[in-house]
Protein chains: 2
Amino acid sequence: MTGTLYGVGVGPGDPDLITLKAVRVLGAVPVIAYPATQNGESLARHVAQPHLVPGRIEIAFTIDITRPHADNEARYDAAAERIARELTAGRDVAALCEGDPLLYGSFVYLAERLARFPIVVIPGVSSVMAAAAVSHRPLATGTDPLIVIPASLPEDTLTRHLTEARAVALIKVGRHFAKAKRALAAAGLRDGATVASRVGFADERVAPLTSIGEESIPYFSVILARRPS
Amino acid sequence: MTGTLYGVGVGPGDPDLITLKAVRVLGAVPVIAYPATQNGESLARHVAQPHLVPGRIEIAFTIDITRPHADNEARYDAAAERIARELTAGRDVAALCEGDPLLYGSFVYLAERLARFPIVVIPGVSSVMAAAAVSHRPLATGTDPLIVIPASLPEDTLTRHLTEARAVALIKVGRHFAKAKRALAAAGLRDGATVASRVGFADERVAPLTSIGEESIPYFSVILARRPS
């Protein structure tokens with residue numbers, strides 16, 4: 001009997017925005033795995049902390065989220081191999097995921113390497129929803145499509161998507177802020193847009209896009225914009 | 001001192017996919033409000049049930065979710081007026097929302113009518129995330145934009161959005177299924193698409209789009225599709 005791999009969405013960072021189902025899984029699994037920064041920090045691990053069982057095994061793996069996926073392939077290979085050993089030994093493993101595991105999550109890269117094992121995904125609250133909540137603005141209403149766009153796309157691609165869009169969430173903004181601002185302006189979406197950075201943390205900031213002068217903002221920032229009807 | 005209006009996302013339907021924060025608010029507020037169908041059914045009320053305080057006041061209001069928003073305006077007016085009386089009397093009110101309050105939620109229509117009161121939004125897991133979880137497929141990865149599209153849009157508008165798209169979640173499919181299928185086919189996204197209906201319920205169904213012959217499927221259905229890279 002092999003173990004089950006759980007992809008556990010722990011939500012956007014606020015420890016109270018985890019689901020009852022995620023709490024239940026974390027309180028039962030003997031092994032957790034999570035991506036950590038080069039400094040050993042892990043937001044997902046921090047949120048999970050109060051719910052973990054004593055004596056659990058922890059597998060931390062380092063991913064550089066600011067770099068293209070190809071640069072991290074070998075790290076995912078190694079993490080998946082380590083997790084596979086636990087699953088093969090019959091132990092369930094919870095892979096902790098910030099936000100939702102299947103929305104731009106690193107869990108997808110683990111799951112494709114571990115598809116031979118049983119996999120269960122626990123969905124989570126995404127940072128896009130959390131950004132809207134603190135910004136006091138709708139994400140989308142009625143028949144408006146909502147487009148979620150990684151800000152790392154080239155400026156012309158961003159502008160093309162934004163020009164068609166009625167409701168927008170630009171994610172992973174970070175050092176792409178100046179470019180994103182130009183693309184939003186070109187698409188007629190700059191005025192009225194809101195920037196939400198590091199939602200749920202002590203240094204959370206929510207401000208109108210036009211009030212922010214910096215060239216670069218935190219990686220975990222979301223820009224929300226809607227086209228007036 | 002007026003009360004606070006809480007927009008509480010209770011998640012997609014599975015009672016365990018509610019957040020700790022939502023549970024805490026539900027266990028503290030003296031008044032709850034929720035949209036109900038003409039039959040008096042309310043998914044959000046059902047999910048909230050185990051967490052409510054004894055002796056609470058309940059405000060149920062009837063919304064016909066299958067009709068355009070304009071047909072429901074007067075009902076939102078009446079519901080907001082009823083809620084305003086409680087807030088004015090100093091009582092906090094939790095408006096229960098399926099999924100996330102700000103993603104195509106009726107909460108937006110209450111909040112715009114009650115903007116004079118303090119408002120706090122508790123984000124929730126959306127049915128889009130829940131559909132991906134049971135379908136075992138990523139919503140979006142890497143730099144692919146994700147577009148969430150209400151299926152009630154006209155066929156040519158759907159086709160235009162889909163033709164540009166790399167990752168798609170078509171929502172509120174219901175009686176728009178045949179049209180959505182044609183638009184997906186025209187955009188080259190039909191093969192490999194998955195339909196998830198009534199996720200978290202006894203009659204949940206997850207199946208390849210091409211395997212479903214009906215003209216119409218449940219309103220709470222999501223179609224997920226991605227363009228192969």
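This is a predicted model: local features need pLDDT of at least 70, side-chain atom pairs count only at pLDDT 80 or more; totals for chains, interfaces and linings use all residues.
**Figure 1. Strand 6 of chain B pairs with strand 7 (residues 167–171) of chain B through 5 bridges.** The two strands run parallel. Within this pairing, Ile147(B) stands opposite Val168(B) in strand 7 of chain B.

**Figure 2. Strand 6 of chain A meets strand 6 (residues 146–150) of chain B.** The two strands run antiparallel, joined by 3 bridges. Val148(A) has Leu146(B) as its bridge partner in strand 6 of chain B.

**Figure 3. Chain A and chain B bury an area of about 4000 Å² between them.** Carbon and sulfur atoms give 65% of this area. In chain A, Leu20(A), Leu102(A) and Met129(A) lose the most area to chain B. Together they make up 15% of what that side buries. Contacts link 49 residues of chain A with 49 residues of chain B.

**Figure 4. Polar contacts across the interface of chain A and chain B involve 26 residue pairs.** On the side of chain A that touches chain B, the elements giving two or more residues are helix 1 (20–26), helix 4 (107–113), strand 5 (119–122), helix 5 (127–135), strand 6 (146–150) and helix 6 (155–164) of chain A. Strand 6 of chain A gives the largest share, 5 residues. By class, this side of chain A has 29 nonpolar, 10 polar and 10 charged residues.

**Figure 5. Salt bridges cross between chain A and chain B.** The interface holds 6 of them. Over all chains, the structure holds 30 salt bridges. In one pair, the side chains of Asp16(A) and Arg24(B) meet at 2.2 Å, N to O. Asp16(A) lies in the loop between strand 1 (5–9) and helix 1 of chain A, and Arg24(B) in helix 1 (residues 20–26) of chain B, so the pair joins two chains. Arg160(B) forms a salt bridge with Glu164(A). Their closest N and O atoms are 2.8 Å apart.

**Figure 6. Chain B has an open sheet of 5 strands in the order 3-2-4-1-5.** The pairing is parallel. Strand 3 (57–62) and strand 5 (119–122) of chain B are the edge strands, and each pairs on one side only. The twist averages 20° from one strand to the next. Strand 1 (residues 5–9) of chain B runs parallel to strand 5 of chain B, with 4 bridges between them. Tyr6(B) has Val120(B) as its bridge partner in strand 5 of chain B. Helix 3 (residues 73–88) of chain B packs on the sheet. This helix touches strand 1, strand 2 (31–36), strand 3 and strand 4 (93–97) of chain B. The direction of helix 3 makes about 165° with that of strand 3 of chain B.

How values were computed:
Residues are numbered from 1 along each chain as its sequence is written. Chains are lettered from A and ligands numbered from 1 in the order in which they are written. Side-chain values use heavy atoms; hydrogens and water are left out. Contact means heavy atoms within 4.5 Å. Buried area is the accessible area (1.4 Å probe) that two parts lose on being put together, summed over both. A salt bridge is a side-chain nitrogen of Lys or Arg within 4 Å of a carboxyl oxygen of Asp or Glu. A polar contact is a pair of N or O atoms within 3.5 Å; within protein, one must be able to donate a hydrogen and the other to accept it, and residues adjacent in sequence count only if both atoms are side-chain atoms. Ala, Val, Leu, Ile, Met, Phe, Trp, Tyr, Cys and Pro count as nonpolar, Asp, Glu, Lys and Arg as charged, and the others, Gly among them, as polar. Two strands pair if DSSP finds at least two bridges between them. Axes are lines fitted to C-alpha atoms, for helices over the stretch in contact, and angles run from 0 to 180 degrees between N-to-C directions.
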